Amino acid sequence: MADRRNVLLPLVFLTWFWFSQSHQPLRQPGFAARPTIKDAIVAEQEQLWAIGNSSWAAEWEQDGPTANITGFGTADGFVWDALPAVRARAQEQLEYALGDWGKAALEGQAEGRNPIPLYSNVTGYVMGKWKRSPLQDAVPTPHLNLTQYVPKDPFAQNTTPGRFERNVTGDHGEATIRFKQYEGTYMENSTTEMGVHLVLADGQTYDEWEAQLHGTYDIATGHGIFTTTSDKFGGIFGLPHFALSQHSFETMRSLLNRSIAHEIHRQISEDTDALNPWTSKAEGTDDFVWPRCELVVHLQQMATAMNMRYGSAVLRFLERELRFPTGALVPPPPDLHFSMLLFSPDCGFVLESQGPPDAFVQDGDHLVGPKLEVRFVHTRHHLLIFIAVLFAQITVLMRQMREASTPSTRSRISLYTTILLVLSDGYVTMALIVATTSIPALLVQFAGAGYVAFINVSMLGMYFVRVVWQVQEPERERAVRAENTIPIAGADPPATQTTGVPDTEQPLPGTFPPQTPAQPPNPVPTDTGASPVFFLPSDQEGLLPIIETAPPRNVDAIVAARMPSFGSLYAKSYGTLVVIVFVSLLAMSWPGPVRRIFFLLLSLCMTSYWIPQIVRNVQRNCRRALRWEFVIGQSILRLVPFAYIHVYKNNVAFAEQDFYSMTILVLWLWVQIVILGSQELIGPRWFVKASWKSIPAAYDYHPILREDEEGGNMPIGFSEAASAAKEASAPSSPVHGRNPPFARRASIVKEPKEKGKRVFDCAICMQDLEVPIVEAGASGDGGGLGANLLARRTYMVTPCRHIFHTPCLEGWMKFRLQCPICRETLPSQ
């Protein structure tokens, strides 16, 4: 009968969990109770009443209804005394951007349209530098009640407070702002609701802070006011008091009365369960964990030179075509251009964007960036280019796989090179998948690029890894067997095959080494009859010597158990890829320098795919494992994503330009390619010292040819080998001695054109082969390093002393590791 305990235990646990949870109160005594939705509604209604009953004041007043807004009371300790100066500075930025018309528009007295051509729809991203504002010296020190900022643990006990988040202490840095227009928002005159996502990077402490701000944007003047809102600061309720004029105050108050009342109604009707619909927290953070500096931001749109050249009518047509494209031919749209003034009422710092008129354009031009529609169009084009790059990678890879179609050629390729190529492609595939979920507007384009990248990884890259793995499996088996073989005591060591170039003369092919006479056995005493001889046997006579041997081992079973499988390699590779992707996602929240160093090191690892091939060439003393078309093509094509991230300014990842990192990657790849080229030109082991014991011995197919007096050390061409074989098989006769065979005569007649060279014939192409030799009695290598080295690469000499053209024998060895003349086994290159 089947065992049903595995089914009953989960059912018992679920039953207990259901009934135990249904009888427990929502709030257990002794635990910290967070605010409920009802508490949030009561607080929001009180602050909404304060908005409707407050009035505009040029100088800040902390009495009256405003004091009912969280953070605006005297006891809160915020530095509201600096607010009039902040307003005046924001008004200066507006007048610099719009002139007299902007000043009149603040009071509601402007006539006609804005003469300065500005965008009405400002969805997009802007980036630029910020600096400390000149107002910083006039801002007093805040006097906060820090007990209100201490976070609570689950037992309602105070914990050790950490540092304030978003507390900018540096003097300069960078800012990135994304504008977000809400669907179905309220509008009052030309003012509408809007939100921004702010990222502040401190250039001195390398801290990076994010915040969601909500506020209003005046389409006519291009001026927006945004603020954070939390349980310690009711920024959205006090937003009208940050307005620059009485007219702006009345407009913002009327708009916010309707907007906030609508959100409260949604909370009451349970259409939303958000305690704070205007929260300032970024994704994945908590409003009640660490204290944060509250922010008030003034943003003013400015006209670029291209705006002024197009005019308001053309700019409106461009904007309409971007939002609702009809296929019309339009000129390039200008970028968004904003100035920023940021004020923290509780932390007491004031920042502003760096640019004219206080700074030169070369030092900063405030915040600039393309519209969202323009960025999406460019990203679509870039994704199409990247898909073409992926297809080019696939083409180059298939040509290399077609070239490496034999076991001999596949054995030269480094397995780890193919694995690194697959891992880098897999990382790009995962990045495209993440981008697909984070940018819904480009879902189709990212999904298409991700599909092509997935095909490149799963069907081609892993197949190439598998065929290389299968060919090199006997090599791994020999290594595992050597590690698990215990020599028997007293047995002769196994004979080893010398792979280096022998110093003594080798016998001709088809002949046998001279036989050495057998040694006589030990002399046995004989009886001569002169005197009797008595032999007393020992007590050990007739017994074999005792030899300590290791217990018998089933080496085959041990080797089979320790041999890695391709499934384990597959799991390790993709496990490593998943770990790298998760660490990369975590690194996005690290400090700037640490994040840059991590991604630079990761990029260097991803572009180190030729290092294992260099090591493989050294270990096997082989050349031309990969086609140069494959090496150069893959190196250039795989640099395209890095160039897009590091060089292109408006990339979809919002990464800043980093020419330094891009230069390092290019130089690193160039060094690897140069080493591969030098291994093919000079030799795979030209930089290996003789003292390195870890490098296995290997046969050298390009030896220095030295001529002795008898010529016994010289290689043999095809004609001479054929002649020697025929002479050995034919009976000796006077005629045979007087008339040597034609092949023998042809080999002897050929004379070199220069001294110090000799002419042979290649058995594969049947063409002459002129090679340099070191004459008898000469010292050195017979020439300079470069000249003789290049000449040696034109021929190859086998261990059986047959000589061939290098391209001929290399092409032969791709299919068969046997000498074309005598069929002797050849060591792999």
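In the predicted model, F233 is buried, with a relative accessible area of 0%. F78 likewise counts as buried, at 8% relative accessibility. The ring centres of F78 and F233 are 5.8 Å apart and the planes meet at 40°, so the pair is classed as tilted. F78 belongs to the loop between helix 2 (37-53) and helix 3 (83-98), and F233 to the loop between strand 6 (223-227) and helix 5 (246-268); the pair therefore ties together parts that are 155 residues apart in sequence. Both residues also belong to a cluster linked by ring pairs, which comprises F72, F78, W80, F233, F242 and F343. The count of aromatic pairs comes to 21.

A further tilted pair is formed by F566 and Y570, with 6.5 Å between centres and 50° between planes. These two residues are four apart in helix 14 (residues 566-587), so about one helical turn separates them. F566 is buried, with a relative accessible area of 14%, whereas Y570 is partly exposed at 39%.

Charged side chains also lie over aromatic faces. R476 is placed over the face of W469, at 3.6 Å from the ring centre, and R638 over that of Y609, at 5.8 Å.

Strand 1 (residues 124-132) pairs antiparallel with strand 2 (residues 172-180) through eight bridges, and K129 stands opposite E174 in strand 2. Strand 1 is also antiparallel to strand 9 (residues 350-353), with three bridges; here W130 has S353 as its bridge partner. Two bridges connect strand 1 to strand 10 (residues 367-369), again in the antiparallel sense, and M127 is partnered by V368 in strand 10.

Technical notes
Residues numbered from 1 in each chain as written. Predicted model: local features only at pLDDT ≥ 70, side-chain atom pairs only at ≥ 80, totals over all residues. Heavy atoms only, no water. Pairing = 2+ DSSP bridges. Phe/Tyr/Trp six-rings, centres within 6.5 Å; stacked < 30°, edge-to-face > 60°. Buried < 20%, exposed > 50% of the residue type's maximum accessible area, 1.4 Å probe, protein only. Lys NZ or Arg CZ within 6 Å of the ring centre and 35° of its normal.
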